[in-house]
Amino acid sequence: MNRKLYFDEAGFTGSNINNKNQPVFCLASLCLNNDEMHKIEIKVKELREKHRLDFKEMHFAKLKESGSGRSFIIDLLEYLVSDSLDNIFVHFVEKEYALYCNVVDRLIEPFLRFELDVDINVEKYNIATACVLMLMMRTHDEQNDVAEFRAKFEVLMRDINMENISSFKDVVLKIYSSTDSEDLKRTLELILACLDDQSLFKADDKYNLDLTFTTFIASIEFWRNQHQESQFDVYFDNSRAIESYQSWIDRLSADTVKKQMVGYDDRKHMLPLPINQFSLSDSEEYIGLQLADILASTVFFCNTAQKKKQETFKKKLVGLIGGLKCHLMTLNVICRELLDNTEIDSSEDVDGVDFIADLLSELDD
């Protein structure tokens with residue numbers, strides 16, 4: 001029997017990665033078989049009756065507005081954490097860090113690879129570069145210029161044209177001329193070199209900075225490692241971003257794809273994706289999607305500013321979610337991982353982007 005995966009996100013802003021009100025992104029997933037789901041359904045019914053709630057579907061945003069709804073969320077999370085912890089995984093991303101990763105991946109990495117034949121994906125040099133760039137930008141004296149850098153990079157990635165290139169280049173030069181850091185200057189020189197050659201970078205679509213697809217693929221790999229040789233029936237709460245990539249998901253899950261591990265060091269994924277069937281679905285139809293909403297929204301809620309009247313509720317939630325299995329993509333966590341990282345042999349590694357690009361090209365032919 002195929003296991004079922006249920007996904008929902010919180011903090012979705014598409015390519016508006018600089019959104020101040022939603023600085024983090026969370027993708028929650030649950031892996032459940034029919035017996036496990038039935039057990040949870042019984043518990044949800046019991047908690048609804050206990051708190052005298054009447055709803056067609058569970059939504060964190062609505063439930064948190066009432067005392068009984070908040071109590072319901074706390075009881076439900078206590079149950080899930082105590083009984084179903086191994087069935088839950090959350091991908092958590094700091095959007096500011098993700099933006100600098102995109103600067104490296106879309107500007108610096110192509111220049112080094114195609115112009116200097118240097119692959120900074122090896123041994124995590126791309127990740128280290130993003131961390132250092134973010135640290136240098138955070139400590140730069142002119143923070144208004146840094147904010148403008150982030151904003152104009154986002155505009156450029158949404159629509160690459162000469163006007164936006166010129167506008168972004170101007171702010172890069174402004175920071176370059178005002179910094180005393182030679183390391184920052186060298187990094188900005190790489191960005192400027194790429195901006196002088198438009199053939200080195202491009203934006204794929206309006207969701208090219210969105211985090212939903214990449215965190216989804218990483219989550220699928222997590223569950224593959226947890227349940228070796230399993231195939232999953234995947235349900236994702238209706239998502240415009242995932243819908244735009246659905247053809248990729250279908251093609252990367254096809255039986256015709258040769259089995260291949262791609263990626264570098266400990267950042268590998270197995271293809272084809274272990275997806276038996278994939279469905280974008282209405283959360284009202286699946287309690288698993290409603291549970292994913294509760295989990296993703298809880299983690300988002302606990303990591304963003306809240307009204308004073310919600311602080312007591314927030315503290316209780318923080319105490320509950322500490323044990324969740326999470327992949328944390330934040331500057332502090334990634335820096336610690338880089339410092340603790342042991343050397344991994346990458347001599348046989350296969351570049352994931354190149355492999356997938358070649359594969360999709362073959363499937364198009």
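# Reading strands, cores and spaces in a predicted model

Analyst: Strand β5 (residues 260–264) pairs with strand β6 (residues 267–271) in the antiparallel sense, and five bridges hold the pairing. This is a predicted model.

User: Which residue stands opposite V262 in β6, and what do β5 and β6 form?

Analyst: The residue opposite V262 is H269 in β6. β5 and β6 form a hairpin with two residues between them. D265, in the turn, has a positive phi of about 40 degrees.

User: How should I read a positive phi, and where else is one found in a residue other than glycine?

Analyst: Most residues other than glycine have a negative phi. R52 has a positive value, near 50 degrees. R52 sits in the loop between α1 (34–50) and α2. E123 is another residue with a positive phi, near 60 degrees. The loop between α4 and α5 (125–138) holds E123.

User: Which residues does a cis peptide bond join?

Analyst: Most peptide bonds are trans. The bond between L271 and P272 is cis, with omega about 0 degrees. P272 belongs to the loop between β6 and β7.

User: What is the order of the strands in the open sheet?

Analyst: The open sheet has six strands in the order β7-β4-β1-β2-β3-β8, and the pairing is mixed. Its edge strands, β7 (275–281) and β8 (326–329), each pair on one side only. From one strand to the next the twist averages 15 degrees.

User: How many bridges join β3 to β8, and which residue stands opposite F92?

Analyst: In a regular strand the side chains alternate between the two faces of the sheet. Strand β3 (residues 88–94) and β8 run parallel, joined by four bridges. L328 in β8 is opposite F92.

User: Which residues in the largest nonpolar core touch the most other members?

Analyst: The largest nonpolar core has 69 residues, and those touching the most other members are L107, M137, F149, F168, I191, F216 and V234. Helix α4 (residues 95–116) gives the most to this core, 11 residues. Another core lies apart from it and has 43 residues, including A28, L77, L295 and V299.

User: Which residues line the largest cavity?

Analyst: The lining of the largest cavity consists of G11, T13, G14, I17, F25, K95, L209, D210 and L211. By class, four of the lining residues are nonpolar, three are polar and two are charged.

User: How many residues line the second largest pocket, and which lie nearest its centre?

Analyst: The second largest pocket has 15 lining residues, and A10, F60, A61, D293 and S297 lie nearest its centre. Two or more lining residues come from each of β1 (3–10), α2 (60–63) and α12 (287–302). The largest share, four residues, is from α12. Sorted by class, the lining has five nonpolar, five polar and five charged residues. The space in this pocket is about 310 Å³.

User: How far apart in sequence and in space are L320 and I74?

Analyst: L320 and I74 are 246 residues apart in sequence, while their C-alpha atoms are 8.1 Å apart in space. L320 is part of helix α13 (residues 311–321). With 16% relative accessibility, L320 counts as buried, because the cut-off for buried is under 20%.

User: What separates the C-alpha atoms of S166 and E94?

Analyst: The C-alpha atoms of S166 and E94 are separated by 28 Å, and the two residues are 72 residues apart along the chain. S166 is placed in helix α7 (residues 162–178). Its relative accessibility is 38%, so S166 counts as partly exposed.

Definitions and conventions
Residues numbered from 1 in each chain as written. Predicted model: local features only at pLDDT ≥ 70, side-chain atom pairs only at ≥ 80, totals over all residues. Heavy atoms only, no water. 1 Å grid on protein atoms, 1.4 Å probe; cavity = no way out; pocket = protein on both sides within 12 Å on 5 of 7 lines; lining within 4 Å. Points joined across faces, edges and corners; volume = space filled by probe spheres on them. Nonpolar A, V, L, I, M, F, W, Y, C, P; charged D, E, K, R; others polar. Core = buried A, V, L, I, M, F, W, Y, C linked by side-chain atoms within 4.5 Å. Buried < 20%, exposed > 50% of the residue type's maximum accessible area, 1.4 Å probe, protein only. Pairing = 2+ DSSP bridges. Axes fitted to C-alpha atoms, helices over the stretch in contact; angles between N-to-C directions.
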